[in-house]
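Student: I would like to learn how to read a structure of this kind, feature by feature. Could you take me through it?

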Amino acid sequence: MTAWFAALVTWWGTLLGPGDTAEECLLLGRLDAERAHAFVHADVDRLAAVYASDGLRERDVEVLEDYAERSLRLEGMAQLRSSCRVVERDADRVALDVVDRLGPTRAVNAGGAVPLPTDEPTRRRVTLEESASGWRVVASR
């Protein structure tokens, strides 16, 4: 799959689902696309544009380092959203109720590609906070 097509699939896949017309849900879609780009390009530094702290980035960094150690890269990663709605909002913080799942993703190395297991939709509460460097994820549970 060409890089531009993978980017289009990633971008579009994060913008699906009811409630995505809310500005905050579109914002989460952009952060999800940024995270997917970091994974597909094995760019740990890019995760700083998604998460508010190193502690929040840690799990993703560990996954990326694990893939790199095994000479694997990802293709097609996207969050497929079923729903998103704002549950709390103030001037610089918003909490979202989100139901999504990982879309079709493959782990690729010199020997070929293996599809990652599919998962069921998961409900999460994602909290975003605005800082001097923009909106970032401060919590996801």
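This is a predicted model: local features need pLDDT of at least 70, side-chain atom pairs count only at pLDDT 80 or more; totals for chains, interfaces and linings use all residues.

Student: How should I think about salt bridges, and how many salt bridges does a search of the whole structure find?

Tutor: The general idea is that side chains of opposite charge can pair when their charged atoms come close. In this structure, a search of the whole model finds 13 salt bridges. One of them joins the side chains of D66 and R70, with 2.7 Å from N to O. D66 is partly exposed, at 32% relative accessibility, and R70 is also partly exposed, with a relative accessible area of 45%.

Student: Where do R106 and E75 lie, and what does their pair tie together?

Tutor: The side chains of R106 and E75 meet in a salt bridge of 2.6 Å, N to O. Because R106 belongs to strand β4 (residues 106-109) and E75 to strand β1 (residues 73-75), this pair ties together parts that are 31 residues apart in sequence.

Student: Which residue forms a salt bridge with D100?

Tutor: That residue is R124, and the closest N and O atoms of the two are 2.5 Å apart. This pair, too, links distant parts of the chain, since R124 is found in strand β6 (residues 122-131) and D100 in strand β3 (residues 93-102), 24 residues apart. D100 has a relative accessibility of 3%, so this residue counts as buried. Salt bridges can also share partners, and in this way R73, E75 and R106 are joined into one network.

Student: Which value should I look at in the backbone of A42?

Tutor: Look at phi, which for A42 is near 50 degrees, a positive value in a residue other than glycine. A42 sits in the loop between α2 (23-40) and α3 (54-69), and at 52% relative accessibility A42 counts as exposed. A second case is S71, whose phi is near 55 degrees, again a positive value in a residue other than glycine. S71 is placed in the loop between α3 and β1, and with 55% relative accessibility S71 counts as exposed.

Student: Finally, is R81 buried or exposed, and what does its side chain reach?

Tutor: For a residue like this, read its place, then its accessibility, then its contacts. R81 is located in strand β2 (residues 79-90), and R81 counts as buried because its relative accessibility is 5%, with under 20% as the cut-off for that word. Its side chain reaches the backbone oxygen of C25 at 3.1 Å, and the side chain of R81 also makes a polar contact with the side chain of D32, at 3.3 Å.

Technical notes. Residues are numbered from 1 along each chain as its sequence is written. Side-chain values use heavy atoms; hydrogens and water are left out. A salt bridge is a side-chain nitrogen of Lys or Arg within 4 Å of a carboxyl oxygen of Asp or Glu. Buried means under 20% relative accessible area, exposed over 50%, partly exposed in between (1.4 Å probe, protein chains only). Helices (H or I, at least four residues) and strands (E, at least two) are DSSP runs, numbered from the N terminus. A polar contact is a pair of N or O atoms within 3.5 Å; within protein, one must be able to donate a hydrogen and the other to accept it, and residues adjacent in sequence count only if both atoms are side-chain atoms.
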